[in-house]
Amino acid sequence: MSARHLSLARGEKAMRPKSSMHGGKKSDSPIVAMKPANKTASTVAEPAEPRGGAKGNAVEQSTPRTQSRTSVSHALDRIRQAARERPKERLTALYHHVTIDLLHAAYAALRREAAAGVDGVTWSTYGENLEANLQSLHHRVHGGAYRAQPSRRRYIPKPDGKTRPLGIASLEDKIVQKAVVEILNAIYEERFLGFSYGFRPGRGQHDALDALAVGLTKQSVGWVLDADIAAFFDTVDHNWLIRFLEHRIGDRRMIRLIAKWLKAGVLEEGRITKVEAGTPQGAVISPLLANVYLHYVFDLWAQRWRRREARGKVMIIRYADDIVVGFQYVDDAKCFRTDMQARLAQFALALNAEKTRLIEFGKYAAKRRAGRGERRPETFNFLGFTHVCAERSDGGLLLCRYSQRDRMRATLRNICDELRRRWHDPIAEQGQWLRRVVAGYFAYHAVPTNIHALHSFREHVAWLWMRRLRRRSQTSRMTWSRFNRLCNHWLPPARILHPYPQQRFAVKHPR
């Protein structure tokens with residue numbers, strides 16, 4: 001197929017019952033040149049750029065290599081435009097967009113200090129002969145010689161004392177996955193719903209927190225369902241995932257490439273284990289695949305349930321597999337929870353019974369509970385913050401957000417262990433490292449109403465540092481006056497860095 005055209009085949013509206021990834025019929029649709037629709041409305045997220053007058057320029061695969069970033073942007077813009085203008089059709093010519101320029105951009109976007117996979121190749125080592133390596137990788141990807149390598153299994157501790165398994169992919173797998181993610185993002189960002197915030201371009205954790213805070217304070221929310229899907233990344237059904245991808249992707253080569261990563265397996269203690277379900281946490285493509293899976297399993301269903309079944313207001317916020325749903329009436333909340341359990345069971349998923357709770361929370365929760373002789377409303381955790389239902393002086397809802405205590409303790413334990421390792425480093429080097437750690441913690445947790453937790457965290461870090469410095473020698477001369485000067489010099493002061501949720505939400509989502 002010519003690289004100057006993007007062919008589209010009309011997609012099926014219903015799910016195809018088979019799970020096989022081979023034997024699909026080729027599209028009989030004619031090859032068409034993409035032409036923007038007249039009077040197409042432009043959005044803030046996707047501004048339109050005027051193109052040249054030549055007819056062929058609008059569908060060129062790439063511009064000269066000296067403008068690699070521009071060529072990648074133009075190719076992704078064409079995919080995004082096709083996905084937006086043809087929401088019910090399958091895109092059949094995607095694989096050729098995995099170009100040298102896109103692989104180069106994907107390599108540059110990877111973390112420099114990330115751990116190596118089973119091949120032992122690091123980012124800097126691969127970059128010593130970058131052009132030749134990318135040329136070879138591109139040739140293997142398009143020639144059919146590319147093989148996905150198993151992920152290296154590694155366990156990291158969780159705040160609750162358990163461990164989370166991570167899959168560290170090889171560097172070339174990361175590069176190709178990052179390139180494919182850019183292509184698929186151009187397709188699915190046109191279809192994902194507004195209450196989905198996890199691992200999406202232009203959206204972060206604080207965007208989800210702001211939307212939750214605005215929904216709790218501005219809408220008629222009286223009950224909150226704090227839901228968590230049990231072992232989601234380990235139980236994603238591969239057959240369902242492939243069928244969901246085939247709703248929008250008609251390029252069989254792209255489907256087979258994704259299937260290679262799903263079936264690559266993991267390497268643990270020298271043995272390769274094949275996996276029949278799940279996507280490895282830590283893989284570049286796993287967050288996108290998780291969003292695609294939950295888009296069809298939960299998002300579309302929840303949106304339809306809210307419109308057809310609910311009697312009152314319903315607010316939904318989802319960040320990956322963490323879900324918070326606010327309800328006006330308790331009957332809606334109970335019905336939604338029951339229907340949600342049945343819906344997830346159809347796709348090999350289940351709610352975590354320990355972390356899923358339905359609590360009374362909202363503007364009038366405290367008054368209603370006080371009238372029944374009950375204690376103040378329960379709290380719930382979301383994205384590292386404990387949400388507390390308080391009351392303003394005028395009787396309205398004051399939503400307080402505090403750093404989760406278990407996560408703060410886990411961070412302090414990590415700092416203590418690292419200080420032990422840096423025990424005999426110069427004080428200046430220890431101070432520089434602690435400054436980065438404390439500043440990074442404040443950058444996320446310095447939200448309004450959380451100032452006391454910030455002061456507590458800084459004081460605990462200072463106490464750990466003081467204890468280490470005094471134990472370096474039996475004749476330590478580290479007095480409190482001298483140590484306070486060190487803290488004032490190296491540790492950032494505790495102060496609020498984020499605006500109120502309503503202010504930032506109003507700027508990003510003007511009404």
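Which residues are buried in helix α17 (residues 501–508)? I started my notebook there, keeping in mind that the model is predicted.

**Entry: helix α17**

I found P501, R504 and F505 buried in this helix. They cover an arc of only 100° around the axis, so they sit on the same side of α17. I jotted down a reminder that an α-helix has 3.6 residues a turn, so residues three or four places apart point the same way. Next I asked myself what covers the buried residues of α17. The cover includes α6 (205–218) and β13 (397–403).

**Entry: the overall picture**

I stepped back to see the whole protein. I counted 17 helices and 13 strands in its secondary structure. Of its 511 residues, 47% count as buried. The protein exposes about 26,600 Å², and carbon and sulfur atoms supply 50% of that area. I also looked at contacts between residues at least 6 apart in sequence, and 73% of them join residues at least 24 apart.

**Entry: the nonpolar cores**

Which residues touch the most other members of the largest nonpolar core? I got I175, L245 and F336, in a core of 78 residues. Helix α10 (residues 286–308) gives the most to this core, with 12 residues. I then followed L245 and left out residues up to four places away in sequence; L245 touches Y188, I255, I258, L289 and V292. There is also a second, separate core of 28 residues, and I noted I415, V461, L464 and L469 among its members.

**Entry: helix α5**

Is helix α5 largely enclosed or largely open? I found 16 of its 18 residues buried, so α5 is largely enclosed by the rest of the structure. At 1.5 Å a residue, the 18 residues of α5 (residues 171–188) should span 26 Å. The C-alpha atoms at its ends are 25 Å apart, which agrees with that expectation.

**Entry: Q303**

Q303 has 17% relative accessibility, so it counts as buried, the cut-off being under 20%. Leaving out residues up to four places away in sequence, I saw that Q303 touches L193 and F195.

**Entry: cysteines**

How many disulfides does the structure hold? I found zero. My reminder to myself was that a disulfide is a covalent bond between the sulfur atoms of two cysteines. For C389, the closest cysteine sulfur belongs to C400 and is 9.0 Å away, which is too far for a bond. C389 counts as buried, at 8% relative accessibility. C335, by contrast, is partly exposed, with a relative accessible area of 41%.

**Entry: positive phi**

I wrote down first that most residues other than glycine have a negative phi. F199 is not a glycine, yet its phi is about 55°. I located F199 in the loop between α5 and α6, and at 44% relative accessibility F199 counts as partly exposed. A231 is likewise a residue other than glycine, and its positive phi is near 45°. Where is A231 found? I traced A231 to the loop between β5 (223–228) and α7 (232–235). A231 is partly exposed, with a relative accessible area of 45%.

Methods
Residues numbered from 1 in each chain as written. Predicted model: local features only at pLDDT ≥ 70, side-chain atom pairs only at ≥ 80, totals over all residues. Heavy atoms only, no water. Core = buried A, V, L, I, M, F, W, Y, C linked by side-chain atoms within 4.5 Å. Buried < 20%, exposed > 50% of the residue type's maximum accessible area, 1.4 Å probe, protein only. Helix = DSSP H or I, 4+ residues; strand = E, 2+ residues; numbered from the N terminus. Contact = heavy atoms within 4.5 Å. Expected span 1.5 Å × (residues − 1). Areas by Shrake-Rupley, 256 points an atom, 1.4 Å probe, with all protein chains shown as cover. Arc of directions from axis to C-beta. Disulfide = S-S within 2.5 Å.
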